[in-house]
Amino acid sequence: MTERVLIIGAGMAGLFTALALGASGRQVDILERDPPAPDGGADDAFETWNRRGVGHLRHSHAFLARLRKIIVDNHPALLDELKAAGVQELKFADGLNPIAKARYRARPEDAGLTVLTSRRTTLELVLRRYVERMANVTLHSGVNAAGLLGSLDGENRYVVRGLRLEDADGLREEEADLVVDAAGRMSQGFEWLAEAGVSTPEESEDAGILYYTRHYRLRPDQDAPERAAAPAAGDLGYIKYGLFPADNRCFSITLAVPEIEQTLRQAVLKPETFDRICSLLPGIARWTDVERSEPISKVFGMGDLKSRWRDTVVDGRPKALNLFFVGDGLVRTNPLYGRGCSFAAVEAHLLRDVLDAHRRPAARAIAYHDAVSAELRPYYDDMRTQDRSAIRRARNALDPAYRPRAKAKVLKSFGEDAVTIALRSDPDLIREFMRGFHMLEPSSAWLKRPANLAKVMGAWATPKSAKASLYPPRLGPDRSEMFGTLNLSATADAERLGLAA
Ligand SMILES: Cc1cc2nc3c(=O)[nH]c(=O)nc-3n(C[C@H](O)[C@H](O)[C@H](O)COP(=O)(O)OP(=O)(O)OC[C@H]3O[C@@H](n4cnc5c(N)ncnc54)[C@H](O)[C@@H]3O)c2cc1C
């Protein structure tokens, strides 16, 4: 018998779930609270698509090689449609610095390290239209999922049998074999379980940054600048920056500012300050030069960025049956790593495999939980460790009394004088590193291989004078220089925090 599936939300997770489950022959209805997508193309979607449910829709997005691989392996026609709409494929060699590029020899597996980049509205629009054309998938816009239909069984598990829905015609109940909550960061599914008396664990922690994004378009007679020595993404401690090439001659720049840098956070929202900062960062100044490009948006700001992990199976026992969470409602990650959409796509396809392999609701719940934990938890833990360290560094940067301990000095030297140097000069090592970055293998696997570790230790042992040409160029002004240029007080935040000397 064909299973009927209700999916809450037509964001990235809902669409990838429909893609995966629809292709497996199930009858899928996606319920989306927001209005339908506009009829036009990529520019129309960027300018007019009303998506109150996705506050980050107009922030920079890149889609990792792991996500592209899922599309290539499972839905190749979708990739053709994405490319036809202007979604770009950035190849491994495109990201190499000039030193590594000069030594680069292409390998067949490099195709597997290709990234997709576009405005998120473009990728989501094409994905949505593709899903809407699938024979057994129907997308209903303007429908709010208002609660779960179900009851507790003898083992205190909430057995779901459908949803309470709300639209212009009022409230109704809809029965289904399975419910997938893909409602994103604001998902209420776990709260609904709690109201029904089912408690589930949750870990949550601040990402420690706020996101500021502005979009630009290359002028008609201009091309994107060639990759130069200064990288298009970097970390100055008091600010992180990244440039995202996008579809149809557009690109965006994101400045990520530590939560603690309140003065800078307020200033960066002003378009003229945002552009001034860009003009001071060598890796992106050539892109935002007024001769080369023009802004096509305001500065979008976004806070409340968190890492959050939730579980519906505790100590091997499912808390809910016939209910699955996919996307940010299940696991949220710091957007800096660009992994959220890949997490959603991985979860959606794991869910398909689990539903195909198991019939019993409890077995399905456990198998999905185990698969997601095994596949994604190591990346999640790694990101959280990096975030904690970045939060510490941002605070130390503000503290005039801070003196690094010996361990911190050694770790800093290992990063700057060993890992960075080894990676900058060796495309084979970069290839190994990128496999972890793109979630094609565990993040630290590359450094555990003896040959790679030997290269890194060799770089560390090399005298600084002999590796001077391999250090990255200056990424931009230091904090006091930047604050001075922007006419901002460099000490106001330290005073606010009681850190001033
Ligand atoms: C600033 C920022 C930048 C990011 N950059 C990247 C990046 O570069 N690369 C990357 O891979 N990831 C990135 N991410 C993460 C990525 O955007 C998310 O992981 C992804 O959107 C999660 O998809 P989702 O479907 O779970 O949620 P969403 O995409 O937010 O979609 C949820 C949907 O559910 C709908 N909905 C909610 N409640 C209901 C309801 N009750 N009834 C009906 N519909 C409902 C909403 O309207 C919405 O359409 C970024 C995130 C942020 C915040």
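## Getting started

Helices (H or I, at least four residues) and strands (E, at least two) are DSSP runs, numbered from the N terminus. This is a predicted model, in which local features need pLDDT of at least 70, side-chain atom pairs count only at pLDDT 80 or more, and totals for chains, interfaces and linings use all residues. Residues are numbered from 1 along each chain as its sequence is written, and side-chain values use heavy atoms, with hydrogens and water left out.

## Around the ligand

Let's begin with the ligand.

A polar backbone atom of Cys341 is 2.8 Å from an oxygen atom of the ligand, and one of Ser60 is 3.3 Å from a ligand nitrogen atom.

## The nonpolar cores

Now for the cores. A nonpolar core is a set of buried (under 20% relative accessible area, 1.4 Å probe, protein chains only) Ala, Val, Leu, Ile, Met, Phe, Trp, Tyr and Cys residues joined through side-chain atoms within 4.5 Å. The largest one has 76 residues, of which Phe16, Ile30, Val131 and Leu163 touch the most other members. H11 returns here, giving this core its largest share, 10 residues. A second, separate core has 28 residues, including Tyr238 and Phe483.

How values were computed
A polar contact is a pair of N or O atoms within 3.5 Å; within protein, one must be able to donate a hydrogen and the other to accept it, and residues adjacent in sequence count only if both atoms are side-chain atoms. Buried means under 20% relative accessible area, exposed over 50%, partly exposed in between (1.4 Å probe, protein chains only).
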